[in-house]
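Here is a short briefing on one predicted model.

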Amino acid sequence: MRDFNRLDGSLFNNPPTSQEIIQELNDKVPNDDSYHRVRLLVSTTNDITVEHTILPVPEYSIESLDEAAGMSPTLSVVLDTEPLSQSSDDPYIVHKTTKREVYDNSRARTNCQWHGNNNEPFDVILYNANNEITETSITNIAIRFKTHDGYVWKTPKINCGLLPGVFRTYLLESQQNMVEDMITVEDLRMAQKVLLKYKNDSFFKKKK
């Protein structure tokens with residue numbers, strides 16, 4: 001529901017209502033106990049398309065960043081070699097769209113591979129013209145920093161230029177030790193832990 005209410009008037013002349021979208025989901029996605037990955041597309045002419053793929057039952061679920069931090073790193077990520085040229089309020093940056101050239105270009109110049117191994121990066125961390133971390137090419141980011149009485153998890157502020165994902169919002173609302181903040185490239189290099197959230201409940205930590 002939260003994402004439905006964020007449909008940008010600069011991208012849609014007459015965006016569909018939340019009820020219209022919910023009805024389309026109810027009509028297309030099975031209402032049972034199975035797990036599905038759902039992709040909902042709204043065209044510039046306001047046509048709604050729903051795609052769904054059944055998923056296996058997850059073996060585990062991670063509810064906190066601290067729990068995820070105890071997992072072993074499995075994939076490498078790298079810092080982009082140049083900042084994003086787009087404005088931090090570009091609608092194609094702050095909304096999830098099929099216009100992905102900026103992310104594809106970042107992956108290409110850092111040689112990211114979808115089936116990367118320990119010698120190849122899987123994803124790239126992006127930053128804006130002010131050297132502020134934003135997100136990666138496909139997900140949000142959380143970074144752990146020391147404090148005088150322990151530590152705190154930080155995720156970049158929306159006005160740095162990023163898509164505020166659903167799980168990011170859930171963590172901000174449910175985790176007392178997670179806050180929004182401006183995080184510089186230098187802060188990233190000094191961080192204790194860096195967590196990235198990918199499909200379902202899979203977390204991967206920065207290795208490079």
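The largest cavity has a volume of about 30 Å³, the volume being the space filled by probe spheres set on grid points joined across faces, edges and corners. A cavity is a set of points on a 1 Å grid over the protein atoms alone where a 1.4 Å probe fits but cannot get out. The model is predicted: local features need pLDDT of at least 70, side-chain atom pairs count only at pLDDT 80 or more, and totals for chains, interfaces and linings use all residues. Residues are numbered from 1 along each chain as its sequence is written, and side-chain values use heavy atoms, without hydrogens and water.

**Cavity**
- The lining (residues with an atom within 4 Å of a point) includes L84, I93, N128 and C160.
- Lining residues divide into 3 nonpolar, 6 polar and no charged (charged: Asp, Glu, Lys, Arg; nonpolar: Ala, Val, Leu, Ile, Met, Phe, Trp, Tyr, Cys, Pro; polar: the others, Gly among them).

**Salt bridges**
- The count is 8, each a side-chain nitrogen of Lys or Arg within 4 Å of a carboxyl oxygen of Asp or Glu.
- R109 and D80 pair at 2.8 Å, N to O.
- R109 sits in helix α4 and D80 in the loop between β3 and α3, 29 residues apart.
- D80 is buried at 4% relative accessible area, while R109 is partly exposed at 29% (buried: under 20%; exposed: over 50%; partly exposed: in between; 1.4 Å probe, protein chains only).
- D80, E82 and R109 form a salt-bridge network.

**Helix α1**
- E24 lies in helix α1 (residues 18-28) (a DSSP run of H or I, at least four residues).
- E24 counts as buried because its relative accessibility is 19%.

Key: 1 Å grid on protein atoms, 1.4 Å probe; cavity = no way out; pocket = protein on both sides within 12 Å on 5 of 7 lines; lining within 4 Å. Helix = DSSP H or I, 4+ residues; strand = E, 2+ residues; numbered from the N terminus.
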